[in-house]
Amino acid sequence: MSSEVFELILQGKIPAQKVFENEFVFAFKDIHPLANIHILFIHKQKTKDLQEMMTTHPEQIQQIMMAIAHYAREMGLDKSGYRIVSNVGAQAGQSVFYTHIHLLAGEVLGGFGRVKI
Ligand code: AMP
């Protein structure tokens with residue numbers, strides 16, 4: 001999948017279940033949830049993956065992390081726990097080439113490694 005799907009979501013051209021938005025960050029429910037709570041956090045200014053973001057716009061990762069911390073507090077996940085993951089590149093399983101952070105929570109989570117997130 002290209003990056004287009006997330007650009008269209010940001011433009012409001014395809015629907016998404018928004019859970020958070022501020023001037024920098026947009027967050028919405030993953031369409032194929034892998035946990036009771038599965039949210040994708042993206043920056044409104046596009047990069048293709050976290051590696052590019054950290055190289056060209058390192059301030060964006062702080063803006064996303066602050067949004068995640070805010071959302072986690074609002075949802076009580078700071079108490080119960082949550083996992084954040086970002087797939088970088090095809091071998092890691094990245095399928096949408098628009099930087100995004102997965103937040104998984106709402107249940108006891110399983111393993112890592114060869115498990116596709
Ligand atoms: P990744 O495989 O790490 O690139 O993650 C891409 C994620 O985007 C997957 O978990 C997909 O389920 C999710 N996804 C793809 N299209 C949509 C969509 N239209 N709305 C919400 N999530 C989507």
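Which pocket is the space taken by the ligand? The ligand's space is the largest pocket, where a pocket is an open set of points on a 1 Å grid over the protein atoms alone, with a 1.4 Å probe fitting and protein on both sides within 12 Å along at least five of seven lines. A molecule sits in a pocket if more than half of its atoms lie within 2 Å of its grid points.

Before we go in, note that this is a predicted model, with local features needing pLDDT of at least 70, side-chain atom pairs counting only at pLDDT 80 or more, and totals for chains, interfaces and linings using all residues. Residues are numbered from 1 along each chain as its sequence is written, and side-chain values use heavy atoms, with hydrogens and water left out.

Let's start with the pocket itself. Its volume is about 620 Å³, taken as the space filled by probe spheres set on the points. The lining has 32 residues, and K29, D30, I31, H32 and L40 lie nearest the centre. β3 (37-43) is among the elements supplying at least two lining residues, and its four residues are the largest share.

Now for the ligand. Around it are 17 residues, with D30, N87, S95, H100 and H102 nearest; to be near, a residue needs a heavy atom within 4 Å. Backbone N or O atoms lie 3.0 Å from a ligand oxygen at G93 and 2.7 Å from one at S95. In the side chain of H102, an N or O atom is 2.9 Å from a ligand oxygen.

Definitions and conventions. Polar contact = N/O pair within 3.5 Å; in protein donor to acceptor, adjacent residues only side chain to side chain. 1 Å grid on protein atoms, 1.4 Å probe; cavity = no way out; pocket = protein on both sides within 12 Å on 5 of 7 lines; lining within 4 Å.
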